[in-house]
Amino acid sequence: MSPNTSPTTLTPDVLVIGGGPAGLTTAANLAPRIDGEVLVLEREKEAGGIPRHSDHTGYGVRDLRRVMTGPAYARRLTADAVSAGAVVTTSAMVTDWADGLAVTVTSPRGRFRVEPRAIVLATGARERPRTARRVPGDRPAGVYTTGALQNAVHLHHREVGRRAVVVGGELVSWSAALTLREAGCSVALMVSQYERTESYGAFNLGGKALLRVPVANRTRVVRVIGKPRVQAVEIENLDTGARRTVECDTVVFTGDWIPDHELVRSGGIELDPGTLGPLVDTALRTSRPGVFAAGNLLHPVDTADIAALDGKHVADQVKSWLDAGGSAQDPATGVRLLADRPLRWVSPGILRPGDPAPPRGRLLLWTDEFVRVPKVTVRQGGRIVNERKLAWPAAPGRVFRVPWSVIRGISPNAGPVTLSVG
Amino acid sequence: MSNTTGPDPVPAPTPDDGYDVVVIGGGIVGAAIARELAGHEVSVALVEARSDIGDGTSKANTAILHTGFDATPGTLESRMVARGYELLSRYATETGIPVEHTGAILVAWNDEELAALPGLKDKAERNGYQESALIGADEVYRLVPALGDGVLGGLTVPGESIICTWTTNLALATDAERRGVTVLLDHPVTEVTADTSGDGFTTLRTEGGDVRGRWIVNAAGLGADHLDRLFGHDRFTVTPRRGELFVFDKLARDLVNKIVLPVPTSRGKGVLVSPTVYGNVMLGPTSEDLTDRTATGTSEDGFDFLLTKGAALMPRLLEEEVTATYAGLRAAINHPDYLIEADRDRHYLLVGGIRSTGLTAGMAIAEYVRDVLADAGLVLKEREDLPDPPRMPNIGEAGTRPYQDAARIAADPAYGEIVCFCERVTAGEIRDACHTELPARTPEGLRRRTRAMNGRCQGFFCGSAVEQLMNDHSTTGGGCARTCHEVTH
C-alpha cells in the first residue's frame with residue numbers, strides 16, 4: 001500500500017469477492033438471513049460474471065429451474081442479490097489483503113478498506129491463453145481465448161475473421177464455435193488432444209451435427225503462423241507425429257481452465273494441487289478461518305448453475321460461522337480426498353466428521369480419459385471402501401459428478417481417501 | 001533555416017531546408033543521441049522507420065542495467081557501459097524510470113564454471129568494478145533458496161539492476177522532443193543522396209518524404225549495415241541474433257529476488273533468471289544466429305531449450321504459469337566492439353554493433369557521439385534554457401502505482417477504474433498514454449506505456465475494453481472522442 005493512503009473502512013458482516021453466479025447466489029441467500037450487510041465486490045463494470053459474455057441459451061437449469069440466455073441469467077442473478085438486500089458494488093477490485101480478514105479495494109469512488117467478519121472468495125476461473133500453453137510461433141492479431149472472443153463479439157460487437165481454428169475439446173469449445181458462427185466466421189477445424197469425440201455428445205446447445213465442425217482428435221497446435229494477422233497454424237498428430245498446416249485467420253484457444261487464485265495465494269491460503277484453487281472441505285471452508293470459497297474457483301470449470309448452487313451451500317455455512325460468533329472453534333480434523341489417474345482432481349478435498357454433505361450431494365471430478373461406463377473405486381489405507389458403477393460417462397472437458405454416498409463408510413482417522421475410475 | 005550559432009533558444013524545426021543533424025533510429029541509442037545533441041544550439045530530427053519509438057531491438061531485451069563488470073577491459077563498450085550505468089541511474093531517478101537495485105549472482109553449476117569465477121572477478125576489477133565477491137554454495141542458496149540442486153559457488157555483482165527498457169526509451173525520446181527534436185515516425189530510409197548542390201546537406205529519401213541534414217547519424221540497429229552501404233561503406237554485417245524469453249506469472253516473483261546470471265565458458269552461454277520491474281520473473285534468452293531480420297517469432301527449439309535450462313536452474317519456476325513469451329533480435333556484428341566512426345567527408349557518423357548493453361550504455365554513447373561530432377567540426381554550443389526532463393508514468397512495482405494512490409484517485413476517479421485486472425492498469429493511465437507527447441498509437445504501443453494486456457489473462461477479461469478505450473481516446477482522425485483536453489500527469 002502506498003504511504004499516502006489512508007483509506008475509508010467499510011465493515012459489512014460478509015464480503016463476497018466476485019459478482020458472478022457463485023458470488024451473487026451466495027449474497028442472495030445470505031442477505032435476508034443476517035442482520036449485517038452482505039457486500040459483493042465485482043471488478044467489472046457490471047455484475048454477472050462469465051454468463052454476461054455468453055449470448056446463447058442453456059443457463060439457469062439447475063438453480064432457477066428454467067432455461068435462459070447467459071446475459072439474461074446474469075441480470076436475473078444480479079437483481080435477485082440486490083432485491084435480497086445485498087449491496088453489489090461494481091468496478092471495485094480487491095487488490096490486496098490488509099491484515100486479519102481485511103482487504104484493500106480500488107474503485108473510482110476511492111481506495112478503501114473492507115473489514116468483514118467473513119469472506120467468500122468467488123473469483124472464478126479463466127482459460128489459459130496461448131502463452132501459458134507455450135505455443136510458439138509469430139505473435140499476430142487474431143488469437144483469442146473464448147472469453148476474449150465472446151467479450152469482443154457480444155459486448156463490444158467487434159468483427160473477427162472469416163475462418164477459424166478452435167483449439168480444445170471441452171464444452172466451452174463448442175460455445176466458442178457458436179460465437180464464431182454468429183460472428184460470420186466459419187470453423188475450419190476443431191483441434192482436440194482427446195481420443196474420441198463422444199465427449200461432445202453432451203453438447204446440447206445447438207449440437208455438433210448442427211455446427212458441422214470438422215474435428216481433429218489426438219492433435220495439438222505446434223505453431224502459430226502469420227504477421228500481422230494469423231495466416232495458419234501448424235498441427236501435429238500426437239500418435240503419429242505427422243504435421244500439417246491449416247490456413248485460418250483466427251485461432252481460439254478454449255478451455256484449459258485455471259482458477260483466478262491470486263488472492264488465495266497472496267493470502268497464504270492453502271492450494272489444492274489438483275484444482276489449483278483453494279483447498280476446501282465440504283463446508284467450503286478454506287485454510288484461513290473465516291474465509292470460504294465457492295464456484296469455479298474450486299472446480300475449473302463446471303456449468304454456471306452448479307457454481308451458483310455452491311453459493312447457496314456456502315451461504316448456510318457462513319451463516320453458521322457468524323452465528324457462532326465468527327470465531328468458532330477449529331473444525332474437526334479431517335482426511336484428504338484425492339484423485340487417482342486418469343482423474344486429475346476432486347473437489348472438495350477434505351472430509352471432516354460432522355460436516356455437511358458437499359453442494360448438491362455431489363463430488364466433482366475431472367478426468368483426462370474417456371470412460372463410457374465408469375466404475376468408481378474408493379480406497380482408504382489400501383482397503384477398498386466402496387465400488388460404484390455409474391450410468392453416465394466420465395468425459396474429458398467437463399466435470400464428472402459422483403454421488404456423495406460413494407464415500408460412505410470411510411474412517412475419519414485412517415488416512416487419505418483415494419478415488420479412481422476404471 | 002536553422003542556425004548553429006544563432007540566438008534562437010529553441011531551434012525551430014526546418015524540414016524544408018534541413019536539419020543540422022538527422023539521427024536515424026528511434027531505439028534507445030538513437031533517442032539518447034537526439035536528446036543529447038538537442039541540448040545544444042542545433043536543429044535535430046529523429047527519424048524512425050516504424051510507427052513507434054522503441055519498437056525494434058530496444059523493446060525486447062533482458063532489461064538489465066549493467067555495471068559493465070563483464071565487458072572486455074579496454075574496449076569502448078567497457079567505458080560506455082560503466083559511464084552509461086552512472087548516467088542512466090541518475091536519469092532514471094530524475095524521470096521516474098522504474099529501476100530496482102536487486103544485484104546479481106553468477107552461479108557456477110560445474111567445475112569449469114567454478115574455476116572461471118576468480119577470473120571474472122579480476123576482469124570486473126579491470127573494468128573498474130570493485131564490489132564483486134566470491135561466495136560459496138551455501139551463501140548462494142541463502143540468497144536464492146529456490147535454485148535447483150548442484151550449485152557449486154557464485155560471484156556477486158551487487159550493482160546489477162533491473163530497469164524498464166520501454167520507459168527508458170520513451171523518456172529519452174520525449175525529452176528529446178521537449179528539447180525541440182522533430183520526431184518523424186513511419187519514415188523508413190530508402191535512399192541516400194549526398195550533397196550534390198553544394199549546400200552542405202545530405203538528402204534522405206524516406207517513405208514519409210525527404211529529410212535533409214548537414215550531419216547524418218546512423219543508429220539504425222538491425223538495419224545499420226544496410227544504411228551504411230547506402231553511404232558507400234562496406235565495413236560490417238549485422239547478424240540478427242534471436243533471443244527468446246519466457247516471462248512467468250507474478251506469483252513466481254517470490255522465488256527470485258536477484259538476477260541469476262550464467263557463467264560464460266567455452267561450452268557457451270547459459271540463460272539467466274531475473275525478476276522484472278513489473279513483478280514477473282524472466283527466463284532466457286536463447287541465442288540463435290539467423291539471417292531473417294524480421295524473424296521475431298518464437299520457436300519450438302527455443303522453448304525446449306528454455307524449459308530444459310529452467311528445470312535445472314529453478315525447478316519450481318516451471319510450475320508457475322507462463323504469462324508471455326518474447327523473441328527479440330539483437331544486432332550482432334562481426335566486430336568485437338562498438339563501432340562508432342565519423343566519415344568527415346560525407347558528414348556521416350555510424351553507431352553500429354551496439355548489442356544488448358546498449359540499454360545501459362545509450363546515454364554514454366550519446367555523449368561520445370557529441371564529442372566525435374564536435375571534433376569533426378559540428379559547432380555545438382550548450383543551451384542554457386533546457387526544459388526539465390519529463391516525469392514518466394510509473395509502471396514499476398517498486399513505486400506507487402495509480403491504483404494504489406488514494407489521493408490521486410480522489411482527485412481523478414479514472415485512476416480508480418481498473419481496466420486491465422491482471423496488471424492493474426486504470427482507465428486514467430490509458431487515457432494519459434493516448435494523449436501524452438509521443439502517444440500510444442497501437443495496442444503494442446499501449447502495452448509498453450501502461451502494461452495493459454501484458455498480464456496473465458492476455459486479454460481474456462480486458463482486451464476489448466482496453467481497445468475500446470484506446471479507440472475512444474485516439475487523436476488520429478479528428479481528435480479524441482472523449483474530448484479530453486489536458487494530460488493530467
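In this predicted model, the axes of helix α10 (residues 427–435) and helix α12 (residues 463–473), both of chain B, come within 9 Å and cross at roughly 40°. Axes here are lines fitted to C-alpha atoms over the stretch in contact, with angles from 0 to 180 degrees between N-to-C directions. α10(B) is therefore oblique to α12(B), given that angles under 35 degrees count as roughly parallel, over 145 as roughly antiparallel, 65 to 115 as roughly perpendicular and the rest as oblique. α10(B) contributes B:Ala427, B:Ile430, B:Arg431, B:Cys434 and B:His435 to the contact, and α12(B) contributes B:Val466, B:Leu469, B:Met470 and B:His473; contact means heavy atoms within 4.5 Å.

In chain A, five strands form an open sheet of mixed pairing, ordered β22-β20-β27-β24-β25. Strands are DSSP runs of E with at least two residues, and helices are runs of H or I with at least four; two strands pair if DSSP finds at least two bridges between them. The edges are β22 (350–351) and β25 (383–389) of chain A, each pairing on one side only. Strand β24 (residues 375–380) of chain A runs antiparallel to β25(A), joined by six bridges. A:Val376 has A:Arg388 of β25(A) opposite.

As to confidence, the model scores ipTM 0.92 and pTM 0.93. Chain B has a mean pLDDT (the predictor's confidence in each residue, from 0 to 100) of 91, and 94% of its residues reach 70 or more. Over residues 1–14 of chain B, pLDDT stays under 50.

Residues are numbered from 1 along each chain as its sequence is written, and chains are lettered from A in the order in which they are written. Local features need pLDDT of at least 70, side-chain atom pairs count only at pLDDT 80 or more, and totals for chains, interfaces and linings use all residues, while side-chain values use heavy atoms, leaving out hydrogens and water.
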